[in-house]
Amino acid sequence: MAPKPPYADTRLATYLTKRILELRPRKSQQEIATEAGFINVNMMSMLKSGKSKIPLDRVSALAKALEVDPRLLFKMAVEQSSYETTSKVIDEIFGTIVSRNEVTWLEALREASDHKDPALTTRSRTALRSIFNK
């Protein structure tokens, strides 16, 4: 049995597969690769299968081609790279990377709490998890 590709089980590989399928009615995988600046159009297949990881300098262009938040894609790319020290340094310097959607959630939380900075209680955590059927 052939060994599993090194990045096959990463969140990024799964996310790319799902996102490319979502975009299929409007653009092909080849168009996405071209828009992201990949010379080898097979790069998208390599990323999806986990045979390759995304170079950090390509995150912005790929995010634009995929029509997704570059911060979210960057976060997954760093996770994929297994650079624990890099991830720690990024967190130290920039804090937790927050996507546009997460910012919207934070704004709604602040609005709902009248900007009171509420603690996350067991009850509120349970209510939040129920939104996602967890």
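Does K27 count as buried or exposed, and at what relative accessibility? K27 counts as buried, at 10% relative accessibility; buried means under 20% relative accessible area, exposed over 50%, and partly exposed in between (1.4 Å probe, protein chains only). This is a predicted model, in which local features need pLDDT of at least 70 and side-chain atom pairs count only at pLDDT 80 or more, while totals for chains, interfaces and linings use all residues. Residues are numbered from 1 along each chain as its sequence is written, and side-chain values use heavy atoms, with hydrogens and water left out.

**K27**
- K27 sits in the loop between helix 1 (11-23) and helix 2 (29-35); helices (H or I, at least four residues) are DSSP runs, numbered from the N terminus.
- The K27 side chain reaches the backbone oxygen of A65 at 2.7 Å.
- Beyond its neighbours within four places in sequence, K27 is in contact with I32, E35, A65 and E67; contact means heavy atoms within 4.5 Å.

**Nonpolar core**
- The largest nonpolar core has 21 residues; such a core is a set of buried Ala, Val, Leu, Ile, Met, Phe, Trp, Tyr and Cys residues joined through side-chain atoms within 4.5 Å.
- Residues with the most contacts inside this core are I32, F38, M44, L47, L62, L66 and L73.
- Two or more residues each come from helix 1, helix 2, helix 3 (43-49), helix 4 (59-66) and helix 5 (70-81).
- Helix 4 gives the most to this core, with five residues.
- M44 touches I20, Q29, I32, A33, F38 and L62, not counting residues up to four places away in sequence.

**Surface patch**
- W105, L128, I131 and F132 form a nonpolar patch on the surface, with about 420 Å² of accessible area together.
- Patch residues have over 30% relative accessible area and no salt bridge, and nonpolar side chains (Val, Leu, Ile, Met, Phe, Trp, Tyr) are joined within 5 Å.
- A salt bridge is a side-chain nitrogen of Lys or Arg within 4 Å of a carboxyl oxygen of Asp or Glu.
- Accessible areas come from the Shrake-Rupley method with a 1.4 Å probe.
- L128 lies in helix 8 (residues 122-131).
- L128 is partly exposed, at a relative accessible area of 37%.

**Positive phi in a loop**
- D114 is not a glycine, yet has a positive phi of about 55°.
- D114 is in the loop between helix 7 (100-112) and helix 8, and is exposed, with a relative accessible area of 54%.
- D117 is not a glycine either, and has a positive phi of about 55°.
- D117 is found in the loop between helix 7 and helix 8, and counts as exposed at 69% relative accessibility.

Terms used: Patch = residues over 30% accessible without salt bridge, like charges linked within 9 Å, V, L, I, M, F, W, Y side chains within 5 Å. Polar contact = N/O pair within 3.5 Å; in protein donor to acceptor, adjacent residues only side chain to side chain.
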